[in-house]
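Please look over the model below before reading on.

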Amino acid sequence: MKIALDPYMYRHLPIPKMVDKVAELGYEYIELSPREDFFPFYKYPRVDKARMKEFKNALRDAGVKLSSLLPMQHWAGPDEADREAAVRNWKRCIEVAVEMDVDVLNTEFTGHRDKPYICEQMFMRSMEELLPIIEKTGIRLHIQAHPFDFIERNNEAVDLIRGLDKDFIGYFYAVPHTFFYDDGKGDICAMLDYAGDKLKHINFADTYNHRGSSRLRYVVNPPGINATVHQHLDIGKGDINWDVLFAKLREIKFDGIATVAVFGEEHRADDSSRFMLERLKKELL
């Protein structure tokens with residue numbers, strides 16, 4: 001198993017200093033999520049050979065490795081021009097991954113939950129273009145459902161991944177999305193069992209059940225607004241049943257990528273990152 005840090009809370013640091021910080025915190029792996037000087041959200045990559053060389057040198061010097069890169073693009077959005085741009089951007093992301101010696105890319109389905117049919121068609125159109133390229137490079141692609149994606153639920157996401165029928169495409173379970181994945185029940189064991197051999201990647205953070213307390217676990221104004229709300233907190237600060245989750249992961253002998261993905265603790269980022277690492281080591285190694 002690779003325990004990685006998503007260093008989003010350190011995105012203000014230049015890449016070499018970010019790498020040093022990850023090493024200082026005790027992590028062996030980085031899962032690089034979007035940042036403005038590398039893979040920005042929904043834009044063309046901002047990285048050249050010099051920046052990649054700088055990044056690789058920093059990793060080597062710090063004794064840290066990249067477990068994965070996380071491009072985010074509108075490859076399933078309902079607008080065709082946006083989809084075409086996303087595919088173009090994805091092709092460059094794949095080139096960068098190859099140059100950085102990264103063999104895993106993880107991402108989200110994207111799209112809009114209020115236009116699921118057209119977004120699925122856009123997604124499949126993008127897959128037709130990208131899957132041959134990904135397969136040729138030997139990269140593995142891990143996809144997660146996300147609140148407000150055209151697919152938000154665990155079983156539907158797993159079914160679509162199975163439908164693609166490619167050994168190099170796996171399912172990414174995001175613990176902080178648990179209560180969106182099964183309409184607030186939070187039955188993690190059932191969802192992981194359903195994913196089965198497609199489960200390759202998990203990110204770890206606590207969250208609230210947005211359906212709890214008569215849907216008042218979060219308060220959103222105006223009432224009834226079309227919005228999705230979730231959070232990425234330290235273990236123990238939300239509503240996830242961690243004892244059940246960790247017991248299940250030990251039972252199935254999960255051996256993929258385990259990413260610490262806390263975003264809501266920037267005021268105590270170092271303490272949060274260390275706490276999460278120690279808890280995952282205690283429970284999973």
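**Backbone, core and spaces**

F148 sits in the loop that runs between β5 (140–144) and α5 (154–164). The model is a predicted one, and in it the phi of F148 is near 80°, a positive value in a residue other than glycine. Most residues other than glycine have a negative phi, and most peptide bonds are trans. Is F148 buried, partly exposed or exposed? Its relative accessibility is 25%, so F148 counts as partly exposed.

D101 also has a positive phi without being glycine, here near 60°. This residue belongs to the loop between α3 and β4 (104–108). With a relative accessibility of 64%, D101 counts as exposed, because the cut-off for that class is over 50%.

The backbone has a further point to note at P222. The peptide bond that leads from N221 to P222 is cis, and its omega is near -5°. P222 is found in the loop between α8 (212–215) and α9 (242–252).

Next come the empty spaces. Rolling a probe the size of a water molecule over the atoms shows where empty space is left. The structure holds one cavity of 30 Å³ or more. The largest cavity contains about 30 Å³ of space. Its lining consists of P7, Y8, R11, L32, S33, P34 and R35. By class, four residues of that lining are nonpolar, one is polar and two are charged.

The lining of the largest pocket divides into 10 nonpolar, three polar and six charged residues.

Which of its 20 lining residues are closest to its centre? These are F41, E108, H146, H232 and F263. In the lining of the second largest pocket, nine residues are nonpolar, eight are polar and three are charged.

Technical notes:
Residues numbered from 1 in each chain as written. Predicted model: local features only at pLDDT ≥ 70, side-chain atom pairs only at ≥ 80, totals over all residues. Heavy atoms only, no water. Helix = DSSP H or I, 4+ residues; strand = E, 2+ residues; numbered from the N terminus. Buried < 20%, exposed > 50% of the residue type's maximum accessible area, 1.4 Å probe, protein only. 1 Å grid on protein atoms, 1.4 Å probe; cavity = no way out; pocket = protein on both sides within 12 Å on 5 of 7 lines; lining within 4 Å. Points joined across faces, edges and corners; volume = space filled by probe spheres on them. Nonpolar A, V, L, I, M, F, W, Y, C, P; charged D, E, K, R; others polar.
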